Every structure is written in C-alpha cells, then in structure tokens.
Amino acid sequence: MPSVQQERQRRHRLVMALALANLAVALLLAGLVALLLHTSHRAFDARARESADALVAIARANVASEFARVDAMMQATLEGIAALRRRGPLRDAEVNETLSSHQRFLPAVEGFRMADAEGQVRWGNQLNEGAAVSIADRDYFIRARQQQDRVVLVGPVKSRVSGHWVVGLARPVMVEGRFAGLLYASVTTEHFRQLFAHYQLEPGDAISLRTEDMRLVARHVSGNPTVPAIDTHPISAELQQALRLNTEHGLVVSRLASDGVERTSAYRRVEGWPFVVLAGLDNQRFFAPWRAQVWQVSLLALLAWLPILGATLAIYAAGRREARSVRELAAATRRTLALQRVAGDGIHIVDSQGRLVAMSDSFAEMLGSTRERLLGRHISSWDANQDEAQISAWLAKIKAGDKQRVEVQHRRDDGSLIDVELHLSVADIDGQRFIFSSARDVTERKRMLAAIESSAAQIRDLYDNAPCGYHSLDAAGVIVHVNATMAAWLGRSKEELMGRAHMSEFLDESGRAEFAVRFERAKAQGRLDGVEVRIAPPGAPSRILRITADAIRGPDGEFLMSRSASQDVTAQHEARHEAARLMREQSAMLDSEIVGMIKLQGRIAVWKNRGLDRIFGYAPGELDGQSARLLYPDDASFEALGAAAYPLLAQGLHFRTQLQMRHKDGHLLWIDLSGVSIEGDQSFWTMVDISALKQMQAQIEHIAFHDALTQLPNRLLLSDRMAQAISAAQRAGTHVAVCYLDLDGFKQVNDQHGHDAGDALLAQIAQRLQQALRGHDTAARVGGDEFVLLLTVLSEAEEWRPIVERVVEAIEQPVDLGGVLSVQVGTSVGVALAPQDGVDAQELLTLADQALLRAKRAGKGRIVRASAGR
C-alpha cells in the first residue's frame, strides 16, 4: 500500500499535470482568439483604407475639375482681352463686358477681376466706384510679376472686395513680353465645403482641402456644423511623417487635436495644382462591428474554456476523494448537468422520435421559453423550415456516429424567427438513439455580415459610377480592370473590355503612336501626370480624356499593371472654342437688327443700335439724349422697373424680365429686357420684341387645353383642375363631385340631319352647361357627346344634386338649329364624390363613367351615384 508521502506526491503530480494542461488549452484558445481578431481587424483596416482612398480620389478629381475649368476660362479671357488690345486702346466697358461674359460659365467663381501693372484692381465684378482696391502687396501679385509665364495660386486670403475667405488662380497679363497686370479668379472656401457636404458621408467622416504647405482651405465633417479657422496649419504628427515620405499620396491613422476623433485618412495631391485633398473615416464608427466581434469571440472562447476548467476541477476533486468515489461521481454528474444548463450555446438532446429530453437554460432563453414548456416537445414545434413528417424521415436515415453542421431558422415562442447555427452528433446509449445538438444564435452575425456586404456594395457602386473613369492596363496595354464610367466612355461592357481589349483600339492613328511612347515611359518612370488624349471608340462619342496613372510593381520591381484615373475634359475644350466663338460673334451682335441695344447714363440714352430704333419705330438719332421714359407706357411702370432693376445692378448682378413697353405710335409691345451695370451710373440693356411669341403662346395654350368645337376645357385641362380641386377640398374639409354625362338621342340627330347639325347641337349644349353651372365649377368635353362636370366647394355631400338636376333640365329643352329645324335630346349622368368615393382624379372619373353606364342600362335619363352601385 503506498505511503502517505507517495500519495501526496501522486496527487501533486496530478495537480501539476492538470494545471499545465488547462493552461495550455487556455493559451491555445487565447492564441486562436488573438489570431482571429487580428485577421478581422486587418480586414476592417483594409476596408477603411480602401474606402478612404476611393473617397479622396473622387474629391481630388472634383477639385481638379473645378480649377481646370477656371483656368481654361481665364486663358480664354486673356485671349479675348488680347483681341481687344489689337483693335485699339482698352476701354473699361469692353474689358468689364469681356470679364462678365466669361464669368457666366463659372458659377462657382465669386470674384473675376483684373488689376493693372501697379496692382490697382480696375476691372471686374463687385467693385464699388471711388473705393480703390490694391493687391500690390499680395503675395500672389508679387509672384505673378516675377513668374510671368505661369499660373499662380491665390490664397487662402480674405478678399478685400467681398470680405470672404477665398482661394483661386491668377495669370499675368503680358503685352509684348512686358508685365501689364494680373487676371485673377477667386472661389470662396465655403464653396468647397459645400461641395464636400454633398458627398454621402457617415457621421464623423471628414474631407478637407489644403495647400501644399498644409494651410487649410476648406473642411467638412459630417454631422458637425462647426467651420474651422481658414489658413491654419495644425495637422497630426502621423500626417507630417507620411508627407515627409511621400508628398503625392498616402494613408495614415491619426487623431486630430481639434476634435479628438481618430480617423483612417487618405491624402492625394491634386494633379497640376498646389493642393492636397484629405478624406478620413471615423474609426470609432467604422470599427464598431469589430469591437462587438471582440466581445463575442472572447466570450465564446471563455465559455469553451469553462467546461475544460470544470472537468479539470472535477478530476482533481475525484483524486482527492478516492475513498468516496461514488459520492464524488454523483457530485461530478450534477456539476456537469449544471454546466450544461448554463452553457452559452443552446445545448439540447432529442430522442429517436424527435422529442426534447434534455437542454441547457441557454437553449430555453434562445427560444424565449422555459424548460417546463419545452421538455417533451417535438423538433417541428420550433423548427421553422421542416414539418414533423420531414423531420421523421430524416431521423429514420441517421445512424450512430453521424455528425452534421447546418444553418436553420428557429421559431421563438413569441412567433419571431432567429437564424441558428446547429452542430449535431448522433450516439446510441443503452440501446437508445439520441441526437446531441449545440445551437448558436447567429442572427446578429448575419445582420452584421449583410451590413458589411451592403457597405461594400456601396463602395463598389461609388467606384463604378464615379464621375471619373478608372482602369488598369497590364504590361502589354490590355485592359484588366475598368469601372462602369470608363466602360461607357469606351462604348463596351466591362466584360467585353477586361482581358480582351487593348487601349490602343480606342485611339485614332496619331493617338496610338503617342500612346505607345507615353505608356513605355510611364512603365519606366512609374507615373503619368495629366496627359490628354482623344478617344474615338466605335459606336460611342469621341472624347478628350486627361489621364493620370501610377505603376503597380511586384516584389522585384517588375511592372504588374497601371492604376489609372481619367477625367472627361471635352467640355473644357469645347468651352475654350465656345469662348473664342463668342468673342467673334460679339461684334456682330452689336449691329443686330433683331436685338435692340441701348446704353444709358442716369437712364438717359447715350448710345443705341439700329435694332432698337426698328423695334420702337424711331428714326436714327431721334432717341439720342432722351430719357428711357419714352419707351414705357406710363410713369408707374417706369419707376417700378427702376426700383426692381437698379439695386441688383449696383451689386454687380444681371437683371432680366419680360414686360410691356410702348411703341412710338402708342401701341404696346412685349419686350424681353436684360440689363447689366457697366461703370458708375452707366448701364447696358438688350431688348427683344417677343410680342408675336406671346400671342402664339396664348393661342397654343388655349388650343392645347380646350375643345376646338365647343371651346370647353378638354380632358387635359380637366385632369389638372380635378387634381387642384381635390387637394383644396382635402385642406378645407369640403366635397367635390365629378359628373360624367352623355346625350340621349344624339346619334339620331347625327343620322337624320348630318354631322353639321350634330356639331351645332354640341355647341349649344356646351353653352347651356356653362350657364347652368356656378362660377367656380367646370364643364369639359371629353369626346363625342360625352361631357364631364366638376362641381367644387360643396359644403354638404348632397349639394351636387340640385346643380345636376338644373343641368339635366337645361339640356332637355328644345334646341333650335336654324330655319325650321328643332331637336330635343336628354342626358344620363353618373356621379362620383370626393372624398367619399376616393381622392384620385382618374379613379373618380372611372367611377363616374361606370355609374353613367348603369344609368343608361336602367333606362336612360337617370342620375346614378357611383357608391350606390357598389
């Protein structure tokens, strides 16, 4: 028999072995949990970086497009001013008109102005007379005077004209190689913040625009209306380090001191412009699903380790109580049953008949039930996918040792459904077959996966439908990736392009040769910046694309493929040509015989063209030095136009309206009038005679909405009045009646006396309908001898009846058709009421028509209510 010392040593060894085994299992579970969470975190981090990178690419393209459009129009403006110089000395009015006409194509530009060589801002919008503005001390003016052949960045600075924070571009005005002034265009920083606010951002996400030296231009944080201080420099240390490594593009995870939010941010330099766009996703929101996963996985690992720990303690207790093995075995059995009842997963056992014989408390909680209600129930009572017959057929096929993992739906006691991951194991015990099952509620996990997939689909949709074209080319120039925008530009589907089409197929002859050279250079240098090419795809419009590309290389530096972004700049090129064309047409327009033009000083004519004399009937020179009052019908209209127009002109805005003016012989003309301030109290006005157009519009409107024979409203006008009447009745709590009627005996008149007699009869019936109705009611002809009455503002539901009876009585009176010919017809009427029978106009018309059919079948000459036949 072993000694006490030996027994103690044996127990000690047992304790150490159990402790080491338990520790090894705990470490293994901890390692698996750490690996799973680390992998999941990397996946979330990768999605965050991809989302931020996609967002910043779109923002960068939009910003580049804004500045490219402004620069293109500035170059066109400089060409226009150069053309004015070639014609003679510059005139302030001509320069201001040139600036104004080009600014119309730049809705985002707040200020479009030009300074002379000394820095005095003399031309452009929003300049007040007598308040001289100088930009001679501005940094951009000094740099433009020194760098006379390049575009210069403006700002961010506070405008001395408007007082707003602005950023923009400036180009030197050169005359025979000599600096003669500066043309500059400014855009408010608020414009870019509003531009970023239109993106579909989640709360906490941010987009900002900064200069190369990280001065803030604009910043938008979703859900945060606070506007940060412009022209400030604070950026995170992480971003500073990233910029030192790569100033063109990069990704950082940092926390900005201004709001304390940690974000995954991407930055990209705007091609061709000294700006950087940054886009950041709120990590607190983006990683919320991952943090929930941390708790779930950690809890599951702990629940998996607890049974092992319990078993270890049970073995240790059994070793210490060897003399009382039977009692300890019973105690261990009770502990195992208790552990089963409190297990995290829904553990349950069913017999070969499919009835529940044992379960954990967590299984009852999962089904929203109790042990008492569940024990003895059949699987089909909670399985939402199979009935009792299907389950019995499955039980008949399984055998001991079978194991299965399935996803099913369970029905809780309250009727709701949950998604369940079920692990099954079949065993025979004492000649009886049991199915041991572990059920886990995965409803929330499925919801999270669906949310992640939805987010990924949104990102894919953002990539595919971005306003820029994205594509990748392999080393041979074959398209391997392309988004939907680029595929549409190339006139083929994505499937037809990827791996099958070479980029040169979509270029013209000269473009192919240039592409081959530039593509080889891009593969060698690793980048292609802002190259413009013309694509001419078969079956799709020709376009001019500005392409920027980066090379993606393998671990040994070999070229794998390009990552390219394309911007459609066709409109910019067309804008340049259009601006040049407008300059050519401007001179011709001044001599127009169709458009009248007049220049006023203090509302006194100082110049006008031949077209104005022709429109108003005056002889050449007759209006010179005269007041514009001669062109107005009376003093009131003259003063009203001045009160409406001149405050706008004083703000540098245009004024346009249509009004009636007076011809020399006294008759009135409809004039399309447009005015703009030139300088001081001088203004320039254009006038077009639209009298014929107004008369034609009135005739067309009447023809479009009225019946040609009876001059009653037709079906189109009736539908509009019905919709308005029903809406008004709903607001006022009144009733509307729709009465559908046709003439009894009209066909006999047509057959016996001809269609002319029938037309005369319809015209007189239309007059009787209008005389019998009230002023706010409507009678309409909807076809043949069919009419519809719209009775409105009915205080009581039956208020329509005496009106309809009056109409029926008027129709039944004899009709004199000329000579000795007199006829008599009757009518049948179907009536539908709103809101009793419905509030949809078409539905009420249909119900009234159906009621009319019932009236005619009942013997004609009757009035039938729609709801009476239901």
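Strand S14 (residues 417-429) and strand S15 (residues 432-441) pair in the antiparallel sense over ten bridges. Two strands count as paired if DSSP finds at least two bridges between them, and strands (E, at least two residues) and helices (H or I, at least four) are DSSP runs numbered from the N terminus. This is a predicted model, in which local features need pLDDT of at least 70 and side-chain atom pairs count only at pLDDT 80 or more, while totals for chains, interfaces and linings use all residues. Residues are numbered from 1 along each chain as its sequence is written, and side-chain values use heavy atoms, with hydrogens and water left out.

**Sheet with S14 and S15**

- Val-426 stands opposite Ile-435 in S15.
- S14 is also joined to S13 by nine bridges, and these two strands run antiparallel.
- Val-408 has Val-420 in S14 as its bridge partner.
- The hairpin of S13 and S14 has five residues between the strands, and Gly-415 there takes a positive phi near 95 degrees.
- The open sheet has five strands in the order S12-S11-S15-S14-S13, with antiparallel pairing.
- Strand S12 (356-359) and strand S13 (403-411) are the edge strands, each pairing on one side only.
- From one strand to the next, the twist averages 30 degrees; angles run from 0 to 180 degrees between N-to-C directions, and axes are lines fitted to C-alpha atoms, for helices over the stretch in contact.

- Five strands in the order S7-S6-S10-S9-S8 form an open sheet with antiparallel pairing.
- Strand S7 (216-221) and strand S8 (249-255) are at the edges with a single partner strand each, so one side of each has no neighbour in the sheet.
- The twist averages 15 degrees from one strand to the next.
- Helix H4 (residues 189-197) packs on the sheet and touches strand S6 (206-211) and S7, where contact means heavy atoms within 4.5 Å; the direction of H4 makes about 30 degrees with that of S7.
- Strand S9 (residues 262-269) and strand S10 (residues 275-282) run antiparallel and are joined by seven bridges.
- Tyr-267 stands opposite Leu-278 in S10.
- Helix H5 (residues 237-245) lies across S8, S9 and S10, at about 160 degrees to S8.

**Strand S26**

- Ten of the ten residues of strand S26 (residues 735-744) are buried, so S26 is largely enclosed by the rest of the structure; buried means under 20% relative accessible area (1.4 Å probe, protein chains only).
- S26 is joined to strand S28 (residues 786-794) by seven bridges, running antiparallel, and Leu-741 stands opposite Phe-787 in S28.
- S26 pairs with strand S31 (residues 826-834) in the antiparallel sense over nine bridges, and Tyr-740 stands opposite Gly-830 in S31.

Terms used
Buried means under 20% relative accessible area, exposed over 50%, partly exposed in between (1.4 Å probe, protein chains only).
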